[in-house]
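Student: I would like to learn how to read a model like this one. Could you take me through it feature by feature?

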Amino acid sequence: MTFFTHSTVQQPDTDILKRRFDAYLRIEKGLSTNTAASYCRDVEHLLRYADDNGKSAAAITHHDLELFLGTLYDLGISPRSQARIISGIKSFYKFLKMEGVIDVNPTLLLPAPRIGRHLPEVLTLDEIDRMIACIDLSKPQGQRNRAIIEVLYGCGLRVSELTELKMSQIFEQEEYITVIGKGDKQRLVPISQEALEQINLYVELTRSNQVAKRGCEDILFLNRRGNRLTRVMLFYIVIYAF
């Protein structure tokens, strides 16, 4: 049975297969909803390209894929975006092979574009010390901001991870925290005694006296109104401290 036909109108089987591919990405591959959606959009581009050239996706060859990637280059799409598109297409054809739609995977020898690797910019210990020294501990939110800086840089968290950090995710005796990162994947992160001490001071001086809004009872870092901090507010705290 052929799932793809040369037509300007999508066949029902194509829709079904794409929905199953989306489910495969999210459930079996464990990708986030956003990443799976990006892969599916990239596959849509390939399907349109195949249709324009009178081919079904199942009939696409390695040479066809090279020509398709050439069009991406001509359009000025960055190497990083090209790499993501190739990754999505490879996942799609691996899925087609698993489903028995194709016998030979045409992406096996498909090269990925070279992506220049850039070392991330990190703050030095001196810069972090200067940030901490700029925090006014006499202000109501001073201790909270001190704890934020210690946890953010001491544990290497993303801003979004810090805004969602819960008190129940802190294991003081074991000196680690559990973090829910990209793709809803959980990981264990060591936490220093200094960071734990600053958290305890914040909880004792400020957090324990706050009335948290509904749904934020377990959130560690709150704003003055009892809501979780936003990404914008955290950026402001870090920039202002520096």
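Student: What share of the contacts in the protein with a separation of 6 or more comes from residues 24 or more positions apart?

Tutor: A contact here means heavy atoms within 4.5 Å. In this protein, residues 24 or more positions apart account for 53% of the contacts with a separation of 6 or more. Before we go on, two notes on the source. This is a predicted model, in which local features need pLDDT of at least 70 and side-chain atom pairs count only at pLDDT 80 or more, while totals for chains, interfaces and linings use all residues. Residues are numbered from 1 along each chain as its sequence is written, and side-chain values use heavy atoms, with hydrogens and water left out.

Student: How many helices and strands are there, and what pattern do they follow along the sequence?

Tutor: Helices (H or I, at least four residues) and strands (E, at least two) are DSSP runs, numbered from the N terminus. The protein has 9 helices and 3 strands. Read along the sequence, the pattern is α-α-α-α-α-α-α-β-β-β-α-α.

Student: What percentage of the residues count as buried?

Tutor: Buried means under 20% relative accessible area, exposed over 50%, and partly exposed in between, with a 1.4 Å probe and protein chains only. Of the 242 residues here, 39% count as buried.

Student: Which residues touch the most other members in the largest nonpolar core?

Tutor: A nonpolar core is a set of buried Ala, Val, Leu, Ile, Met, Phe, Trp, Tyr and Cys residues joined through side-chain atoms within 4.5 Å. The largest one has 32 residues, and Val151, Leu162, Ile177 and Phe221 touch the most other members. Two or more residues each come from helices H5 (125–133), H6 (142–154), H7 (159–163), H8 (193–205) and H9 (231–241), and from strand S2 (176–180). H6 gives the most, with 5 residues. Apart from this core lies another, of 28 residues, including Leu25, Leu47, Ile89 and Tyr93.

Student: Which residues does Val151 touch?

Tutor: Leaving out residues up to four places away in sequence, Val151 touches Gly156, Leu157, Leu162, Leu165, Ala195, Ile199 and Phe221.

Student: Ile89 was in the other core. Where is Ile89 placed, and is Ile89 buried or exposed?

Tutor: Ile89 sits in helix H4 and is buried, with a relative accessible area of 1%. Beyond its neighbours within four places in sequence, Ile89 is in contact with Leu46, Leu65, Phe68 and Thr107. Ile89 and Glu44 are 45 residues apart in sequence and 9.8 Å apart in space, C-alpha to C-alpha.

Student: At what angle do helix H2 and helix H4 pack?

Tutor: Axes are lines fitted to C-alpha atoms, for helices over the stretch in contact, and angles run from 0 to 180 degrees between N-to-C directions. Helix H2 (residues 33–52) and helix H4 (residues 79–99) pack at about 80°, with their axes 8 Å apart. That makes H2 roughly perpendicular to H4; the rule is that angles under 35 degrees count as roughly parallel, over 145 as roughly antiparallel, 65 to 115 as roughly perpendicular and the rest as oblique. Among the residues making the contact are Tyr39, Val43 and Leu47 of H2, and Ile85, Ile89 and Phe92 of H4.

Student: What is phi of Glu175 near, and where is Glu175 found?

Tutor: Most residues other than glycine have a negative phi. Phi of Glu175 is near 60°, a positive value. Glu175 is in the loop between strand S1 (170–171) and S2, and is partly exposed, with a relative accessible area of 35%.
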